[in-house]
Amino acid sequence: LDPYFKPYNKQAVAFELGLDPNKQIVSFLLPQIHRFDGDWQSQLGKVIEWSIGRNVQIVVRFHPFESVQVAHGLRMSLGNNRSVKVFTGNTIDLIRASSMVITQHSTVATEAIALGVPLVEIDLENRGVLESLSAQGVSILVRSGEIGKLTDVLSGKSAVDPAKLKEWSIR
């Protein structure tokens, strides 16, 4: 993993992955969809709506064990929407290119924290998130009516306490 922890340029990584290096990459990284707390399609749709008019590219990465039909179905429904991309490449590289990672109880959450990428736990239906990292103070929780927090996280206005991150990481 050493190469992943060396200094790098997010825009260069985004370009190498075929993403738009001139936009902030917001990665929506799903656990297996049957484990997602709530309706993943509805919540992704709200994130896409939030992104309209902002200098962001939403990149969706399904869990490696998810069926290819699910990813194909989303690709088909997106059509030629260039601000949203379904990604099938290396997840660590995608996280490195990201300005923010949105997920729920997934290994990618720990990877985002390790790589220093702001982490958002999404719960737009207020159902609660299994194994919540926001409850531990190492991610930002976005619930119903709080989609604007995404803007605050991207701008750096909303962030987790670095001391909590350090404490959590040495457990």
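Is N126 buried, partly exposed or exposed? At 38% relative accessibility, N126 counts as partly exposed. The cut-offs are under 20% relative accessible area for buried, over 50% for exposed, and partly exposed in between (1.4 Å probe, protein chains only). N126 has a positive phi of about 55°, although it is not a glycine. Its place is the loop between β5 (119-123) and β6. E131 lies in the loop between β5 and β6. Phi of E131 is near 50°, again a positive value in a residue other than glycine. With 55% relative accessibility, E131 counts as exposed.

This is a predicted model: local features need pLDDT of at least 70, side-chain atom pairs count only at pLDDT 80 or more, and totals for chains, interfaces and linings use all residues. Residues are numbered from 1 along each chain as its sequence is written, and side-chain values use heavy atoms, with hydrogens and water left out.

Now the sheet. Strands of a sheet pair through backbone hydrogen bonds, either parallel or antiparallel. Here 6 strands form an open sheet, and the pairing is parallel. The order is β3-β2-β1-β4-β5-β6. Helices (H or I, at least four residues) and strands (E, at least two) are DSSP runs, numbered from the N terminus. Two strands pair if DSSP finds at least two bridges between them. At the edges stand β3 (84-87) and β6 (140-143), each pairing on one side only. From one strand to the next, the twist averages 25°.

Take one pairing in detail. Strand β1 (residues 24-29) and strand β2 (residues 56-61) run parallel and are joined by 6 bridges. I25 stands opposite Q57 in β2. Helix α4 (residues 68-78) packs on the sheet and touches β2 and β3. Contact means heavy atoms within 4.5 Å. The direction of α4 makes about 160° with that of β3. Axes are lines fitted to C-alpha atoms, for helices over the stretch in contact, and angles run from 0 to 180 degrees between N-to-C directions.

Next, the nonpolar interior. A nonpolar core is a set of buried Ala, Val, Leu, Ile, Met, Phe, Trp, Tyr and Cys residues joined through side-chain atoms within 4.5 Å. The largest has 29 residues. Those with the most contacts inside it are F28, W50, I58, V60, F62, M100 and I102. Helix α3 gives the largest share of this core, 5 residues. Apart from it lies another core, of 23 residues, among them L94, V101, A112 and L133. Beyond its neighbours within four places in sequence, I58 is in contact with V26, L44, V47, W50, S51, S83, V84 and K85.

The structure holds 1 aromatic pair. The rings of W40 and F62 have their centres 5.4 Å apart and their planes at 85°, so the pair is edge-to-face. Rings of Phe, Tyr and Trp (its six-membered ring) pair if their centres lie within 6.5 Å; planes under 30 degrees apart count as stacked, over 60 as edge-to-face and the rest as tilted. The partners are 22 residues apart: W40 in helix α3 (residues 40-51), F62 in the loop between β2 and α4. W40 is buried, at 9%. F62 is buried too, at 5% relative accessibility.

H105 counts as buried, at 9% relative accessibility. Its side chain reaches the backbone oxygen of R35 at 2.9 Å. A polar contact of 3.3 Å joins the side chains of H105 and D37. Such a contact is a pair of N or O atoms within 3.5 Å; within protein, one must be able to donate a hydrogen and the other to accept it, and residues adjacent in sequence count only if both atoms are side-chain atoms.
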